[in-house]
Amino acid sequence: YQRRVREAVVSTQSTGNNMHVIDLANTEQHLWRALNVLSYVVYAGGRVAFVNHRQGLSQIAVAAAASCGEAVITHEDYDFEQWDDATKPALVICSAVNHPSAQKLLLHCNKYLVPTIGLVDSDVDPVNLTYHVPANDDSQESLILLHQIFAKAIVRAKKTFRDAKSNRSLLDQTMVERMTKTIS
């Protein structure tokens, strides 16, 4: 399964000693796709949940979620059965895909048709992910960088939505004023 993942998803180069280097061009391509989907979901008013159950690295997901005003799931005993239309996220970003509770979450997301973005290393099976981003999911620096990128995309999408909504209000107000002048 690791070979299938490396060849089909991660596109690595072997350096010997069982070490693989992730192709950054492949990562960039998948990251852009994931960011486009993320931006669209947020622009449409959807909520995002950051997920990381890995001990010692969950604070990265917490910081990213806090910086963009979105939800975070860091505890393994999270009750997915409590999801309904009001509480279900529109998209989930998972940075510890190979963790057993993350696999449970991904299956639940698939059940409820919630798209997922996951960071995929050479030891991760991406079969339950909607969008995968080849990246080192064990490195704190890698996780921080990618979570900051996701959070910035969310903030920008929210700002774009607010600006568009504001411009629509101004446009509607201008049209009403023009119509009033025309009628009188």
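Reader: Which is it for Glu70 in this model, buried or exposed?
Author: Glu70 is buried, at a relative accessible area of 14%, where buried means under 20%, exposed over 50% and partly exposed in between, using a 1.4 Å probe and protein chains only. This is a predicted model, in which local features need pLDDT of at least 70 and side-chain atom pairs count only at pLDDT 80 or more, while totals for chains, interfaces and linings use all residues. Residues are numbered from 1 along each chain as its sequence is written, and side-chain values use heavy atoms, with hydrogens and water left out.
Reader: And what does Glu70 form a salt bridge with?
Author: Its partner is Lys158, with the closest N and O atoms 2.8 Å apart; a salt bridge here is a side-chain nitrogen of Lys or Arg within 4 Å of a carboxyl oxygen of Asp or Glu. The pair links distant parts of the chain, 88 residues apart, since Glu70 sits in the loop between helix H3 (58–68) and strand S4 (71–73) and Lys158 in helix H5 (residues 140–183). Helices (H or I, at least four residues) and strands (E, at least two) are DSSP runs, numbered from the N terminus. Lys158 is partly exposed, at 23%.
Reader: How many salt bridges does the whole structure have?
Author: The search finds two, and the other joins the side chains of Lys159 and Asp163, at 2.8 Å from N to O. Both of these residues lie in helix H5, four residues apart, about one turn of the helix.
Reader: Switching to H3, which residues are buried there?
Author: Ile60, Ala61, Ala64, Ala65 and Cys68 are buried in H3. Seen down the helix axis, they fall within an arc of 130° (taken from the directions from the axis to the C-beta atoms), so they line one face of H3.
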